[in-house]
Amino acid sequence: MTLKDKKIVLGVSAGIAAYKAAELLRLMVREGADVFVAMSANAGQFVTPLTFQALSGHPVYSEVFGSAASASMEHIRAAEGADLLVVAPATANCVAKLANGHADDALSTLFLAFAGPAIVAPAMNDKMYANPAVQENIAKLKSRGVRIVEPETGELACGVVGMGRLADPLRIVEEVKKRLARAADLAGLRLLVTAGPTREPIDPVRYITNPSSGKMGYAIAGQARDRGAMVTLISGPTYLPKPDGIEFLPCQKASEMLDLTLARLPECDALVMTAAVGDFAPESVRKEKIKKSGEPLVLKLSPTPDILLEASKIKTRQYMVGFAAESQNLVQSALEKLRKKRLDLIVANDISAPGIGFQSDYNQVTIIAGESDIERLPLLPKTEVAGVILDRIKAGVRKG
Ligand code: C5P
């Protein structure tokens, strides 16, 4: 692929490697991209805006206040229409600002206003790069779907040899192309995703639920949207913000999630059932708040419908993905579910392992399509796990 007709914003922050941003800009322009440059407050100490203006053919956005560009809210407009934003080099200070939502200069403000795919290429002293504070900020960006182009090991400006040198501009261009190629690779796909816990009322103030955060399902929905799919997200109660650009159907009880899922399934190409559906619900809901009497309270629970099982009974061409949270015999139990629920794919995670699964931004999963198709992934941000699952759906889906 080339970058013809692509509109790209290049963010430059104040590091020695800023001069390499000029080379990156030239490479992207040569491939046909229309590039707009935004600079951090101090980047002009290293390379003047005039250099970037001459190479890009556009005024450079480097001041939030006091310029014609700032008065016309140019940063918001440039960000809105762009296909991609790449920040190179990103200094430690710049990474911290981007990860924590600061908006105190042209670059950080523009980054916040941008909703499309973003790539960040850090460059700094090796000890700074290894510092847990920097690594935490990088992990934060990754968990939000930002692609990090790791710095290279080599001689640094401070004279030492270590990991911190800005990635080769050619490598950054490759990442830009890869990300753009993915940006529309699911166009035309209609995806149904369920997420979060279910909530079964006991009385007007009490309910039975589970600790599912919804993060895995929201990551799949968001990534699929970014890759061009039409997404419907059926979500139990979560604390996550409602994602933009998708159809959002909230629900509480398993029976409500079942009704919504079965109603939407026929028009979809694939169903990803990440929701942690509660297996039991009180047989009847008390109309009044149950008073405590000092005696044990006995609740009779009945099983909830198995949504995937019901969906598999009415499915036609739909590609179906289930999740399996297991604490023992991970692969064997997941394989059984794959067969029983007539799934194409099951994503299994070991809930006995610490620091992954429920609530976490990370997950370590095994993706299983059959006895001879078992892929064990390393510990990854849920956004990246989502990307792998979507790749499998793309390869396997039968469009209607
Ligand atoms: O059988 P188990 O609950 O472990 O299966 C997990 C998978 O089945 C998940 O994909 C979950 O969303 C789905 N499920 C369902 N309906 C239920 C329980 C689980 O669709 N009542």
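Helices (H or I, at least four residues) and strands (E, at least two) are DSSP runs, numbered from the N terminus. The model is predicted, with local features needing pLDDT of at least 70 and side-chain atom pairs pLDDT 80 or more, while totals for chains, interfaces and linings use all residues. Residues are numbered from 1 along each chain as its sequence is written, and side-chain values use heavy atoms, without hydrogens and water.

**Exercise 1. Backbone**

Task: State which element holds Pro89, and describe the peptide bond that joins Ala88 and Pro89.

Solution: 
- Step 1. Pro89 belongs to strand 3 (residues 84–90).
- Step 2. The bond between Ala88 and Pro89 is cis, with omega about 0 degrees.
- Step 3. For comparison, most peptide bonds are trans, and most residues other than glycine have a negative phi.
- Step 4. Asp5 is not a glycine, yet its phi is positive, about 65 degrees.
- Step 5. Asp5 is found in the segment before strand 1 (7–12).

**Exercise 2. Aromatic rings**

Task: Classify the aromatic pair of Tyr218 and Phe248.

Solution: 
- Step 1. Rings of Phe, Tyr and Trp (its six-membered ring) pair if their centres lie within 6.5 Å; planes under 30 degrees apart are stacked, over 60 edge-to-face, and the rest tilted.
- Step 2. This rule gives a count of one aromatic pair.
- Step 3. The centres of Tyr218 and Phe248 are 6.4 Å apart and the planes make 65 degrees, so the pair is edge-to-face.
- Step 4. Tyr218 is in helix 10 (residues 215–226) and Phe248 in strand 12 (residues 247–250), 30 residues apart, and the pair links these distant parts of the chain.

**Exercise 3. Ligand**

Solution: 
- Step 1. A polar contact is a pair of N or O atoms within 3.5 Å.
- Step 2. A backbone N or O atom of Pro305 is 2.8 Å from a ligand nitrogen atom.
- Step 3. For Leu308, a backbone N or O atom lies 2.8 Å from a ligand oxygen atom.
- Step 4. A side-chain N or O atom of Lys341 is 3.0 Å from an oxygen atom of the ligand.

Methods: Polar contact = N/O pair within 3.5 Å; in protein donor to acceptor, adjacent residues only side chain to side chain.
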